[in-house]
Amino acid sequence: MVRTYDEDPLALAIAPPPNETLAEREVRERAEREASRISDEIDAQLRREREAEKKKKPVKLLLLGQSESGKTATLKSWDLALFLFSPLTAFQMLYCRRQWAEERTSWRCVILLNLVRNVNEILDLLGREMLAAQTAGLPPASSSHPNVKPLGISTSNADSPDSSPLSSDEEGEVIAEVRRTSIGLGPRNSQSPQLRFKDTHRLLRLRLAPLRRVQADLETRLGAAATELYTTNTTSAAPFDPSTSGPKERGKNHTEFSINSRNGWKTALEKFRAIRRSGEENVRRGVRDLEDEVLSVLAGCRDDIRALWEDRVVREMMARRKARIEDSAGFFLNDVDRIAREDYQITDEDIIRARLRTLGVQEYRVTFEHGHSAGNEWRMYDVGGTRSSRIVWYSYFDDCDAIIFLAPVSCFDEKLAEDKRVNRLEDSYMLWKSVCSCKLLARTQLVLFLNKCDLLQAKLMRGVKIRDSVPSFGERRNDVATATKYFQQHFKEIQRTYSPVQRPFYVHLTSVIDTKSTAVTLGAVEESILRDHLRRADLM
Ligand SMILES: Nc1nc2c(ncn2[C@@H]2O[C@H](COP(=O)(O)OP(=O)(O)OP(=O)(O)O)[C@@H](O)[C@H]2O)c(=O)[nH]1
Ligand SMILES: [Mg+2]
């Protein structure tokens, strides 16, 4: 329908005057163009202000998952990616490098502790086995002594019978006698010869004894984070979830949550920086810093540590106990030649692999300088993942943009350190279910990392069968692709069934200690979280 000027008052108002001359028309049109330019400029300015307003609200991200799932390692990887892989100006580069350099030195003590603990765990085991071997009639390499504190070593329920580095005809080295033992291994291994410990083992124990003191000193300095938790009285996988935990559980007094740093895990190491600063003063006064002392002791023990770790009897003892120290958090024994020296230079990879337990919930703030998040503040929360730590998670769920949930898939045949009755994969499923079903998180983007794929690969290559621990896996191919697809399907099904509102399923197969590939994954995750965050802000 065509409306004439007579009918439309607005059209009438802006219509050119009748009998307009050419010159008048030119002036009028110039004025209209100018008015339109100003109007566009105002619109653009309003848009910019709206965007800036949206950016003012920080992006809130939680990292969840059981203990040792890799939450802190993911943050470290992210931190490293920000410092090393983003296009920085010369000034930022200088600033970031200096900051990262400070980080690196702070992690050194943790790495030294990790290495010393690796050695002491082997020495503990060796001591018990030597004692058992001395005691006539007592089977060596038997299952754990009831009074012994569990080791931090990763112990599989189903290891390969071929994992033993010795064949039965290597008598000269280790065999004193052949007799049946009740060491809890399969039929072939039940005929394994008794381990024969020699004077070299006694000597190694003696010479490495100072490392116990070193461990104690480092643990004292690092505080509660330096020791793993081996017990819990929390029986629920998700004590924060009202539907799975009773009021008694939620009301428990959890003393370990005293740390709530504004600056994330970095603050856990801040004391080291303070000590180092005062250490410079001490050096002037001739007092040596603990770190230097530790390095000096370790350098003196280097050859013995290597000898212990490469000893075939020790390896056999570990294999019989199914103690896979190589798979445990903070394993550095293969790097002893590089680390146990007074001029040890820490690497980025060392930092990512270092293990320091997170206590409570730690906040980590970062404002991105470049990329899609430029100008946005992100607040990331790294939580302690042991069962008893999870009770405080709930208070961080409110207004949360996204959760990166880490499920370590290599742990399908392992038990929780804090509760040996619970399978670690089962625990991840239960935890995921509670997160998916939580109403407060109904609009939160969930990103699942099936982590520790490198360890999964190594485990399957050793011949560990998934079906032995996960019967429903059945006769499927025992390889990483099939396994991750199977686990992923289970997580997806849980999300679909229990989410109060349907949401996309985001999943990544990760080995977060691989910083390069993790940087790529985190880049994609960052973009997707930000997109959702801005969409939410638009709806507000
Ligand atoms: N090989 C391998 N090691 C990993 C991977 N992810 C994490 N780790 C190591 O596993 C150990 C535990 O990782 P953390 O990041 O400390 O675990 P967390 O989830 O923060 O644990 P809590 O703080 O106790 O809740 C560290 O030594 C990491 O370097 C992975 O994908 N592959
Ligand atoms: Mg942690």
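Reader: How many other C-beta atoms does Asp327 have within 10 Å, and how is that count read?
Author: A residue is buried if 20 or more other C-beta atoms lie within 10 Å of its own, exposed if 12 or fewer, and partly exposed in between, with C-beta atoms placed from the backbone. Asp327 has 19, so Asp327 is partly exposed. The model is predicted: local features need pLDDT of at least 70 and side-chain atom pairs 80 or more, while totals for chains, interfaces and linings use all residues. Residues are numbered from 1 along each chain as its sequence is written, and chains are lettered from A and ligands numbered from 1 in the order written.

Reader: Where does Asp327 lie?
Author: Helices (H or I, at least four residues) and strands (E, at least two) are DSSP runs numbered from the N terminus. Asp327 is in the loop between strand S3 (323-324) and helix H13 (336-339). Ser328 is in the loop between S3 and H13, and counts as buried because it has 21 C-beta neighbours inside 10 Å.

Reader: Which residues does UniProt list for "binding site"?
Author: UniProt positions follow the numbering used here, feature names are shortened, and annotations may be inferred rather than shown by experiment. The unreviewed entry lists Asp327, Ser328, Asn451, Lys452, Cys453 and Asp454. They span 128 residues in sequence, but no two of their C-alpha atoms are more than 14.4 Å apart, so they gather at one spot.

Reader: Which residues are closest to ligand 1?
Author: A residue is near a molecule if its C-beta atom, placed from the backbone, lies within 6 Å of it. Of the 24 residues surrounding ligand 1, the closest are Gly70, Ala73, Ala329, Thr358 and Gly385.
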